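Hi,

Here is the structure I promised to pass on.

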Amino acid sequence: MKYPRRQLLRALPLLILAACLAVLGGCERSEPASAQREDKLVVFAAASLRDVFTALGEDFKRSYPGVEVTFNFAGTQELRTQLEHGAAADVFASADQRHMDELVKSQRAAGPVVFARNEPVLVVASESAATVRGLADLPAAARIVIGTPEVPIGRYTQQILDRASASLGADFRARVESKVASREPNVRQVLAKVRLGEAQAGVVYRTDAQAAQDGVVVVAIPPEVNVIAEYPIAVVSGAAHPGLARAWVDLVTSEAGRTALWRAGFLVPSGSGAPR
């Protein structure tokens, strides 16, 4: 059936309007997930970051009202294993470069940046303070607790003992390890064993010793044998909340973040000045 030209011209605006509405409706239905509002942030972080990251989390929530911030604090090697097995996280903060490098190599994290450094120290139970006054006295402790070789603090401890053997005797590491009562999967468990009296001494980060306050005696490790831990942070590849993940990294690396880390006992990254 043929329609008069006049009727077609009258109907044309309605046809155009219907076509436009159809296109707009299709656009709404195909809105990408990335355009949806992000309301949750999941941060995997080394156990030694527990106190300062928890405090920064409160600042973050004030800047992003309604956002839920969830932390998973554990040994760095444990967190890496979880990520390698598909655990859902937005940000990963490591206590060493090694585990971060492996995640970057496997394309599970990208663009890491060092945001803090830390210094190992000895923590000694109060009743053993007269026995262990320095690193050279460590073999005199009846029970010592250290980190497992897989966790960063455990590997740093081995490096310190090896370096100390040059001046304290070739058998120094062996004498210390003969007194090791347990090897713990994260630094906070090392600290807890000493605080609870289950060990006389252990090696932890200065920040953890500072958090313990009066629970232990802190003994410095000579700088010529000590090592400095570097902490990198990165957005996890395929993060469900990439916008919030980048915002968290920005906070941690900002002046406010550096100040919070400094107050918690962390050292600033190489080449950075102390927070003002």
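Below is what I found, starting with how the values were made.

This is a predicted model, with local features needing pLDDT of at least 70, side-chain atom pairs counting only at pLDDT 80 or more, and totals for chains, interfaces and linings using all residues. Residues are numbered from 1 along each chain as its sequence is written, and side-chain values use heavy atoms, leaving out hydrogens and water.

The sheet: 5 strands form an open sheet in the order β2-β1-β3-β10-β4, with mixed pairing (strands are DSSP E runs of at least two residues, helices H or I runs of at least four, numbered from the N terminus; two strands pair if DSSP finds at least two bridges between them). At the edges are β2 (68–74) and β4 (109–118), each pairing on one side only. β4 runs antiparallel to β10 (residues 229–236), and 7 bridges join the two. Within β10, Tyr 231 is the bridge partner of Ala 116.

Is Ala 88 buried or exposed? Ala 88 is exposed, because its relative accessible area is 65% (buried is under 20%, exposed over 50%, partly exposed in between, with a 1.4 Å probe and protein chains only). Leaving aside residues up to four places away in sequence, Ala 88 touches Val 42 and Phe 44 (contact means heavy atoms within 4.5 Å). Ala 240 is 152 residues from Ala 88 in sequence, yet their C-alpha atoms are 7.8 Å apart.

Best wishes
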